[in-house]
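Biologist: Please take a close look at one part of this model and then place it in its surroundings. I should like a single connected account, with the cut-offs behind each term.

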Amino acid sequence: MTYLEYLNTYLKLELIEEIEEDAKINKVPIISKDSLSFLFMLIDLKTPKRVLEIGTAIGYCAINLASFDDDLIVDSIERDEELFSKAKLNVSEANLEKRINLYLADALTIDNSELKTYDLIFIDGAKAQYEKFFNKFKSLLNEGGIIVSDNLLFHNLLFEENVSKNVKGLTSKLKKYNLFLKENEEFKTYFFQIGDGIGVSVKK
Ligand SMILES: C[S@@+](CC[C@H](N)C(=O)[O-])C[C@H]1O[C@@H](n2cnc3c(N)ncnc32)[C@H](O)[C@@H]1O
(Lines give C-alpha, C1' and ligand atoms only; values in the text may rest on other atoms or scores of the structure.)
Protein backbone atom coordinates (compact mmCIF):
# COMPACT_ATOMS: atom_id res chain seq x y z
CA MET A 1 0.00 0.00 0.00
CA THR A 2 1.35 3.45 -0.87
CA TYR A 3 1.27 6.36 1.61
CA LEU A 4 -1.50 8.09 -0.38
CA GLU A 5 -3.50 4.86 -0.55
CA TYR A 6 -3.17 4.72 3.22
CA LEU A 7 -4.41 8.32 3.53
CA ASN A 8 -7.32 7.88 1.12
CA THR A 9 -10.44 5.99 2.14
CA TYR A 10 -11.46 2.89 0.22
CA LEU A 11 -14.34 0.54 0.76
CA LYS A 12 -13.27 -2.24 3.03
CA LEU A 13 -15.43 -4.97 1.58
CA GLU A 14 -14.23 -8.54 1.49
CA LEU A 15 -15.63 -9.01 -2.02
CA ILE A 16 -13.70 -6.02 -3.35
CA GLU A 17 -10.47 -7.44 -1.93
CA GLU A 18 -11.28 -10.80 -3.53
CA ILE A 19 -11.85 -9.15 -6.91
CA GLU A 20 -8.54 -7.29 -6.59
CA GLU A 21 -6.82 -10.59 -5.86
CA ASP A 22 -8.55 -12.30 -8.78
CA ALA A 23 -7.56 -9.44 -11.11
CA LYS A 24 -3.95 -9.73 -9.98
CA ILE A 25 -3.81 -13.51 -10.42
CA ASN A 26 -5.56 -13.52 -13.79
CA LYS A 27 -3.93 -10.33 -15.06
CA VAL A 28 -7.24 -8.52 -15.59
CA PRO A 29 -6.58 -4.78 -15.83
CA ILE A 30 -8.66 -2.81 -13.33
CA ILE A 31 -8.72 0.85 -12.37
CA SER A 32 -5.81 2.01 -10.19
CA LYS A 33 -6.46 2.98 -6.57
CA ASP A 34 -5.76 6.66 -7.12
CA SER A 35 -7.96 6.84 -10.23
CA LEU A 36 -10.67 5.20 -8.16
CA SER A 37 -10.24 7.85 -5.46
CA PHE A 38 -10.51 10.48 -8.17
CA LEU A 39 -13.81 8.97 -9.36
CA PHE A 40 -15.08 8.86 -5.76
CA MET A 41 -14.23 12.55 -5.46
CA LEU A 42 -16.09 13.36 -8.69
CA ILE A 43 -19.10 11.44 -7.40
CA ASP A 44 -19.00 13.36 -4.12
CA LEU A 45 -18.71 16.68 -5.94
CA LYS A 46 -21.11 16.09 -8.81
CA THR A 47 -23.54 13.58 -7.29
CA PRO A 48 -24.26 11.86 -10.61
CA LYS A 49 -27.40 9.75 -10.69
CA ARG A 50 -26.40 7.46 -13.52
CA VAL A 51 -22.99 6.42 -14.83
CA LEU A 52 -22.05 4.63 -18.05
CA GLU A 53 -18.85 2.59 -17.99
CA ILE A 54 -17.24 1.36 -21.21
CA GLY A 55 -15.30 -1.80 -20.27
CA THR A 56 -16.60 -3.66 -17.22
CA ALA A 57 -13.91 -6.37 -17.01
CA ILE A 58 -14.89 -8.27 -13.83
CA GLY A 59 -16.99 -5.47 -12.33
CA TYR A 60 -14.38 -4.03 -9.97
CA CYS A 61 -14.93 -0.35 -10.76
CA ALA A 62 -18.72 -0.69 -11.18
CA ILE A 63 -19.06 -2.41 -7.79
CA ASN A 64 -16.83 0.18 -6.13
CA LEU A 65 -18.84 3.09 -7.54
CA ALA A 66 -22.24 1.59 -6.73
CA SER A 67 -21.08 0.67 -3.22
CA PHE A 68 -19.64 4.14 -2.68
CA ASP A 69 -22.93 5.89 -3.41
CA ASP A 70 -26.18 4.09 -2.55
CA ASP A 71 -28.18 6.25 -4.95
CA LEU A 72 -25.99 5.68 -7.98
CA ILE A 73 -26.97 3.48 -10.93
CA VAL A 74 -24.16 2.11 -13.10
CA ASP A 75 -24.65 0.77 -16.63
CA SER A 76 -21.56 -1.02 -17.86
CA ILE A 77 -20.65 -2.60 -21.21
CA GLU A 78 -18.29 -5.56 -21.67
CA ARG A 79 -17.65 -7.47 -24.90
CA ASP A 80 -15.70 -10.41 -23.48
CA GLU A 81 -18.08 -13.22 -22.50
CA GLU A 82 -15.88 -14.75 -19.85
CA LEU A 83 -15.20 -11.43 -18.12
CA PHE A 84 -18.87 -10.50 -18.41
CA SER A 85 -19.91 -13.75 -16.67
CA LYS A 86 -17.46 -13.12 -13.88
CA ALA A 87 -18.73 -9.55 -13.52
CA LYS A 88 -22.31 -10.87 -13.33
CA LEU A 89 -21.34 -13.22 -10.53
CA ASN A 90 -19.49 -10.50 -8.65
CA VAL A 91 -22.37 -8.04 -8.99
CA SER A 92 -24.80 -10.64 -7.72
CA GLU A 93 -22.50 -11.48 -4.82
CA ALA A 94 -22.38 -7.76 -4.00
CA ASN A 95 -26.19 -7.69 -4.10
CA LEU A 96 -26.08 -4.84 -6.57
CA GLU A 97 -28.12 -6.30 -9.45
CA LYS A 98 -30.71 -3.56 -9.01
CA ARG A 99 -28.18 -0.74 -9.45
CA ILE A 100 -25.58 -2.23 -11.79
CA ASN A 101 -26.83 -3.12 -15.26
CA LEU A 102 -24.36 -5.16 -17.25
CA TYR A 103 -24.47 -5.32 -21.04
CA LEU A 104 -22.69 -8.08 -22.94
CA ALA A 105 -21.96 -6.15 -26.12
CA ASP A 106 -19.35 -4.40 -28.16
CA ALA A 107 -19.60 -0.76 -27.11
CA LEU A 108 -18.81 0.25 -30.68
CA THR A 109 -21.86 -1.47 -32.09
CA ILE A 110 -24.40 -1.42 -29.25
CA ASP A 111 -27.51 0.51 -30.18
CA ASN A 112 -27.50 3.71 -28.10
CA SER A 113 -31.28 3.42 -27.78
CA GLU A 114 -30.69 0.40 -25.49
CA LEU A 115 -28.97 2.76 -23.07
CA LYS A 116 -30.14 5.73 -21.00
CA THR A 117 -28.68 9.21 -20.52
CA TYR A 118 -25.80 9.79 -18.11
CA ASP A 119 -24.24 12.31 -15.76
CA LEU A 120 -20.84 10.65 -16.01
CA ILE A 121 -19.42 8.46 -18.77
CA PHE A 122 -16.27 6.53 -17.90
CA ILE A 123 -14.25 5.40 -20.93
CA ASP A 124 -12.06 2.42 -20.03
CA GLY A 125 -12.37 0.04 -23.01
CA ALA A 126 -9.91 -0.69 -25.84
CA LYS A 127 -7.43 2.19 -25.87
CA ALA A 128 -7.29 2.37 -29.67
CA GLN A 129 -11.04 3.07 -29.82
CA TYR A 130 -11.33 5.97 -27.38
CA GLU A 131 -12.17 8.58 -29.99
CA LYS A 132 -14.92 6.36 -31.39
CA PHE A 133 -16.33 5.74 -27.89
CA PHE A 134 -16.25 9.46 -27.14
CA ASN A 135 -18.07 10.38 -30.36
CA LYS A 136 -20.59 7.56 -30.02
CA PHE A 137 -21.61 8.24 -26.43
CA LYS A 138 -21.30 12.00 -26.06
CA SER A 139 -24.91 12.40 -27.16
CA LEU A 140 -25.98 10.38 -24.09
CA LEU A 141 -24.57 12.96 -21.72
CA ASN A 142 -27.03 14.88 -19.55
CA GLU A 143 -26.73 18.64 -19.14
CA GLY A 144 -23.67 19.31 -16.95
CA GLY A 145 -22.44 15.73 -17.45
CA ILE A 146 -18.78 14.79 -17.82
CA ILE A 147 -16.76 12.21 -19.74
CA VAL A 148 -13.81 10.68 -17.89
CA SER A 149 -11.14 8.86 -19.92
CA ASP A 150 -8.63 6.59 -18.18
CA ASN A 151 -5.11 5.44 -19.19
CA LEU A 152 -4.28 8.52 -21.24
CA LEU A 153 -0.57 8.07 -20.44
CA PHE A 154 -0.55 4.33 -21.18
CA HIS A 155 2.09 3.31 -18.62
CA ASN A 156 4.19 6.33 -19.63
CA LEU A 157 4.94 4.67 -22.97
CA LEU A 158 3.46 7.42 -25.16
CA PHE A 159 6.84 8.80 -26.18
CA GLU A 160 8.83 5.60 -25.83
CA GLU A 161 10.44 4.56 -29.10
CA ASN A 162 11.69 1.16 -27.98
CA VAL A 163 8.34 -0.66 -27.89
CA SER A 164 6.62 -3.39 -29.91
CA LYS A 165 4.70 -2.53 -33.08
CA ASN A 166 1.50 -3.32 -31.27
CA VAL A 167 2.22 -0.91 -28.41
CA LYS A 168 3.37 1.72 -30.91
CA GLY A 169 0.00 1.44 -32.66
CA LEU A 170 -1.85 1.92 -29.38
CA THR A 171 0.27 4.82 -28.18
CA SER A 172 -0.04 6.69 -31.46
CA LYS A 173 -3.85 6.27 -31.26
CA LEU A 174 -3.83 7.55 -27.66
CA LYS A 175 -1.66 10.53 -28.59
CA LYS A 176 -4.13 11.30 -31.36
CA TYR A 177 -7.01 10.97 -28.87
CA ASN A 178 -5.32 13.29 -26.37
CA LEU A 179 -4.93 15.86 -29.12
CA PHE A 180 -8.53 15.33 -30.18
CA LEU A 181 -9.57 16.14 -26.59
CA LYS A 182 -7.23 19.12 -26.36
CA GLU A 183 -8.53 20.65 -29.57
CA ASN A 184 -12.16 19.66 -29.20
CA GLU A 185 -14.56 22.49 -29.95
CA GLU A 186 -17.49 21.02 -28.03
CA PHE A 187 -15.69 19.86 -24.88
CA LYS A 188 -13.01 21.32 -22.66
CA THR A 189 -10.74 18.64 -21.18
CA TYR A 190 -8.66 18.76 -18.00
CA PHE A 191 -5.74 16.32 -18.00
CA PHE A 192 -4.36 14.82 -14.79
CA GLN A 193 -1.35 12.72 -13.90
CA ILE A 194 -3.40 10.43 -11.71
CA GLY A 195 -3.19 6.66 -11.99
CA ASP A 196 -2.35 5.99 -15.64
CA GLY A 197 -3.44 9.48 -16.71
CA ILE A 198 -7.00 10.77 -16.57
CA GLY A 199 -8.93 13.26 -18.66
CA VAL A 200 -12.14 14.93 -17.55
CA SER A 201 -14.14 16.43 -20.41
CA VAL A 202 -16.79 19.03 -19.75
CA LYS A 203 -19.18 20.34 -22.38
CA LYS A 204 -18.34 23.96 -23.32
C1 LIG B 1 -9.26 -1.88 -18.35
S2 LIG B 1 -10.49 -3.09 -18.49
C3 LIG B 1 -11.84 -2.40 -17.62
C4 LIG B 1 -11.63 -2.33 -16.16
C5 LIG B 1 -12.83 -1.83 -15.40
N6 LIG B 1 -13.29 -0.57 -15.91
C7 LIG B 1 -12.45 -1.67 -13.93
O8 LIG B 1 -11.74 -0.69 -13.62
O9 LIG B 1 -12.84 -2.51 -13.13
C10 LIG B 1 -11.03 -2.88 -20.15
C11 LIG B 1 -12.17 -3.80 -20.52
O12 LIG B 1 -12.82 -3.24 -21.67
C13 LIG B 1 -13.28 -4.30 -22.46
N14 LIG B 1 -13.49 -3.74 -23.80
C15 LIG B 1 -12.55 -3.31 -24.66
N16 LIG B 1 -13.11 -2.83 -25.78
C17 LIG B 1 -14.45 -2.98 -25.62
C18 LIG B 1 -15.56 -2.70 -26.46
N19 LIG B 1 -15.41 -2.18 -27.68
N20 LIG B 1 -16.80 -2.96 -25.99
C21 LIG B 1 -16.96 -3.50 -24.75
N22 LIG B 1 -15.94 -3.81 -23.93
C23 LIG B 1 -14.70 -3.55 -24.36
C24 LIG B 1 -12.19 -5.35 -22.36
O25 LIG B 1 -12.68 -6.63 -22.69
C26 LIG B 1 -11.76 -5.22 -20.91
O27 LIG B 1 -12.42 -6.12 -20.10
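Modeller: His155 lies in the loop between β5 and α7 (165-182). Helices (H or I, at least four residues) and strands (E, at least two) are DSSP runs numbered from the N terminus. The model is a predicted one, in which local features need pLDDT of at least 70 and side-chain atom pairs count only at pLDDT 80 or more, while totals for chains, interfaces and linings use all residues. Residue numbers start from 1 along each chain as its sequence is written.

His155 is not a glycine, yet its phi is positive, near 55 degrees. It is exposed, with 12 other C-beta atoms within 10 Å.

Helix α5 (residues 81-93), which Asn95 follows, has 13 residues and reaches 18 Å from its first C-alpha to its last, close to the 18 Å expected at 1.5 Å a residue. The expected span is 1.5 Å times one less than the number of residues. Phe84, Lys86, Ala87, Asn90 and Val91 are buried in α5. Seen down the axis, these buried residues fall within an arc of 165 degrees, so they line one face of the helix; the arc is that of the directions from the helix axis to the C-beta atoms. Glu81, Glu82, Leu89 and Ser92 are exposed on the other side of α5. The cover over its buried residues includes α2 (14-25), α4, β2 and β3 (100-104).

Helix α3 (residues 33-46) can be described in a similar way. Its 14 residues should span 20 Å at 1.5 Å a residue, which agrees with the 20 Å between its end C-alpha atoms. Ser35, Leu36, Phe38, Leu39 and Leu42 are its buried residues, and they cover an arc of only 155 degrees around the axis, which puts them on the same side of α3. The face turned away from them carries the exposed residues Met41, Asp44 and Leu45. The buried residues of α3 pack against α4, β4 (118-123), β5 (141-149) and β7 (198-203). After α3 comes Thr47, whose phi is positive, near 35 degrees.

Within α4 lies Cys61, which is buried, with 24 other C-beta atoms within 10 Å. Beyond its neighbours within four places in sequence, Cys61 is in contact with Ile30, Ile31, Leu36 and Glu53, where contact requires C-beta atoms, placed from the backbone, within 7 Å.

Finally, the ligand. Of the 21 residues around it, Ile31, Gly55, Tyr60, Cys61 and Gly125 come nearest; a residue is near a molecule or strand if its C-beta atom, placed from the backbone, lies within 6 Å of it. The elements giving two or more residues to this shell are α4 (60-68) and β2 (73-78). The shell divides into 11 nonpolar, four polar and six charged residues. Ala, Val, Leu, Ile, Met, Phe, Trp, Tyr, Cys and Pro count as nonpolar, Asp, Glu, Lys and Arg as charged, and the others, Gly among them, as polar.

Note on methods: A residue is buried if 20 or more other C-beta atoms lie within 10 Å of its own, exposed if 12 or fewer, and partly exposed in between; C-beta atoms are placed from the backbone. Two residues are in contact if their C-beta atoms, placed from the backbone, lie within 7 Å.
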